[in-house]
Amino acid sequence: MKFGFIVDSGTFGGAEKQCIILAKKLSEAKHEIVFLLLNNNQSHDLDNKLNELNFEFYDLGFKFHSDHIRRFFNIIPLLFKIRKYDIDILLPYTIRPNVNINFFWQITGAKACLWNQRDEGHGITLGNYKDKILSLALMNTSGIISNSGGGLDFISNYIQKPKKIRLINNGIEIKKPLLNRTEVLKSLDINEQAFLVLKIA
């Protein structure tokens, strides 16, 4: 099976990190992976990471417009571009890929498209014109995944079928430590009897 991860740009952040963790697991299970960047005109940190991991990736050169008519006429060619990669499951991450791909994802020829809600709706407010667009895209998605209760609560405001929503917490990568406890404390010049507090943000 072929999975297509669709991200906003070449910027490497939390959502992109989660894409890579899942992509690595799917690749280990012998699935094909391709990354599609809507518009890679910003940072190229993600490109470098994907090159390092030998993942196939492409820049779709999508133009973002606030005008609805221009946006609509840009989405259709975008979906036909995606079609040529012969993807079975589409996995858009973050708001712009989620909305633009889920609107008419069937044009791509994929079997399914999953909405990935990675935050609590930052930058999106209830009661404006975006609500209608968001609701229509959510109505057309195959299923919705949120990585937090807050994200799940937010997205529930826009959809009438809560059974389509699944809470799946972020994946983690456990790496073998390079140093043992004694070596770490020594490198930080900390006494082994010292009381230490670790804050994870």
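This is a predicted model: local features need pLDDT of at least 70, side-chain atom pairs count only at pLDDT 80 or more; totals for chains, interfaces and linings use all residues.
Two strands are taken to pair if DSSP finds at least two bridges between them.

The pairing of E2 with E3 belongs to an open sheet of 7 strands, arranged in the order E3-E2-E1-E4-E5-E6-E7 with parallel pairing. Strand E3 (56-59) and strand E7 (165-167) stand at the edges of the sheet, and each has a single partner strand, so one side of each is left without a neighbour in the sheet. From one strand to the next, the twist averages 25°.

Helices pack on this sheet. Helix H4, spanning residues 95-103, touches E1, E4 and strand E5 (112-117), and the direction of H4 makes about 155° with that of E5. Helix H6, which covers residues 149-156, lies across E5, strand E6 (143-146) and E7, and runs at about 170° to E7.

H1 contains 15 residues and reaches 21 Å from its first C-alpha to its last, which is close to the 21 Å expected at 1.5 Å a residue. The buried residues of H1 are Ala15, Glu16, Gln18, Cys19, Ile20, Ile21, Ala23 and Leu26, and these buried residues pack against E1, E2 and H2. After H1 comes Lys30, a residue whose phi is positive, near 75°.

The largest nonpolar core of the model has 18 residues, and those with the most contacts inside it are Phe3, Phe5, Ile33, Phe35 and Tyr93. At least two residues of this core are supplied by each of strand E1 (2-7), helix H1 (14-28), strand E2 (32-37), helix H2 (45-52) and strand E4 (89-92), and H1 gives the most, with 5 residues. For Ile33, when residues up to four places away in sequence are not counted, the residues touched are Phe3, Phe5, Ala23, Leu26, Ser27, Phe55 and Glu56; of these, Ala23 and Leu26 are among the buried residues of H1, while Phe3 and Phe5 are listed with Ile33 itself among the residues with the most contacts inside the largest core.

Definitions and conventions:
Residues are numbered from 1 along each chain as its sequence is written. Side-chain values use heavy atoms; hydrogens and water are left out. A nonpolar core is a set of buried Ala, Val, Leu, Ile, Met, Phe, Trp, Tyr and Cys residues joined through side-chain atoms within 4.5 Å. Buried means under 20% relative accessible area, exposed over 50%, partly exposed in between (1.4 Å probe, protein chains only). Helices (H or I, at least four residues) and strands (E, at least two) are DSSP runs, numbered from the N terminus. Contact means heavy atoms within 4.5 Å. Axes are lines fitted to C-alpha atoms, for helices over the stretch in contact, and angles run from 0 to 180 degrees between N-to-C directions. The expected span of a helix is 1.5 Å times one less than its number of residues.
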